Amino acid sequence: MPSEILKLTTEIVVAHASLTELTSEQLVGEIKDVYNVLASLEGGKILEVPVSEKAEEAGGVKKPSIPLKDIVKNKYVVCLECGKKLKTLKTHLRKAHGLMPKEYYQRYDLDPKKFPLVCKDYSAARSQMAKERGFGKK
Ligand SMILES: [Zn+2]
């Protein structure tokens with residue numbers, strides 16, 4: 001006789017499978033996962049459910065957790081990977097996340113023209129310096 005958990009598991013997996021295409025392997029894995037979680041919840045144990053990073057990566061473009069209008073400011077730019085606020089992201093992306101600017105833009109589907117990797121003040125200061133240098137030549 002099927003248990004309550006098994007019935008619930010079936011319902012959840014069927015609902016999911018109707019939304020996403022699952023291979024039979026994935027389906028079996030999901031049934032096991034869902035069953036385990038339900039069983040452990042019923043048993044009062046807190047189970048740490050592994051976050052499936054693979055599924056996220058397979059999706060391609062990530063959805064930024066920060067509103068895009070808030071990521072490039074006068075004083076800082078926000079790293080969409082970790083939420084850090086920095087004057088420039090280039091070095092940070094490479095060192096902290098192993099990402100090249102191009103990969104970063106691709107990952108979040110950003111337009112490099114709209115979302116520079118440096119804050120507004122920083123790029124303004126740089127062009128100001130360039131101007132001054134230019135004027136100092138003569
Ligand atoms: Zn970061």
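Biologist: Which residues does Asp121 touch, not counting residues up to four places away in sequence?

Modeller: Asp121 touches Asn74 and Lys75. Two residues are in contact if their C-beta atoms, placed from the backbone, lie within 7 Å. Along the chain Asp121 and Lys75 are 46 residues apart, but their C-alpha atoms are 6.0 Å apart in space. A word on the source: this is a predicted model, where local features need pLDDT of at least 70, side-chain atom pairs count only at pLDDT 80 or more, and totals for chains, interfaces and linings use all residues. Residues are numbered from 1 along each chain as its sequence is written.

Biologist: Where is the place of Asp121?

Modeller: Asp121 is in helix α6. Helices (H or I, at least four residues) and strands (E, at least two) are DSSP runs, numbered from the N terminus.

Biologist: How many helices and strands does the protein have?

Modeller: There are 6 helices and 2 strands, and along the sequence they come as α-α-α-β-β-α-α-α.

Biologist: Which residues make up the largest nonpolar core?

Modeller: First the idea: in soluble globular proteins, nonpolar side chains tend to be buried together. A nonpolar core is a set of buried Ala, Val, Leu, Ile, Met, Phe, Trp, Tyr and Cys residues joined through C-beta atoms within 7 Å. Here the largest one has 10 residues: Ile71, Val77, Val78, Cys79, Leu80, Leu89, Leu93, Tyr104, Leu117 and Cys119. Take Val78: leaving aside its neighbours within four places in sequence, Val78 is in contact with Ile66, Asp70, Ile71, Gly83 and Lys85.

Biologist: And where does Pro64 lie?

Modeller: Pro64 lies in the loop between α3 (53-58) and β1 (77-78). Beyond residues up to four places away in sequence, Pro64 touches Leu80 and Tyr108. Pro64 counts as partly exposed because it has 17 C-beta neighbours inside 10 Å.

Biologist: What is the phi of Asp109 near?

Modeller: Most residues other than glycine have a negative phi. Phi of Asp109 is near 55 degrees, a positive value in a residue other than glycine. Asp109 sits in the loop between α5 (101-108) and α6 (120-135), and with 11 C-beta neighbours inside 10 Å, Asp109 counts as exposed.

Biologist: At what angle do α1 and α2 pack?

Modeller: Axes are lines fitted to C-alpha atoms, for helices over the stretch in contact, and angles run from 0 to 180 degrees between N-to-C directions. Helix α1 (residues 4-19) and helix α2 (residues 24-42) pack at about 135 degrees, with their axes 9 Å apart.

Notes. A residue is buried if 20 or more other C-beta atoms lie within 10 Å of its own, exposed if 12 or fewer, and partly exposed in between; C-beta atoms are placed from the backbone.
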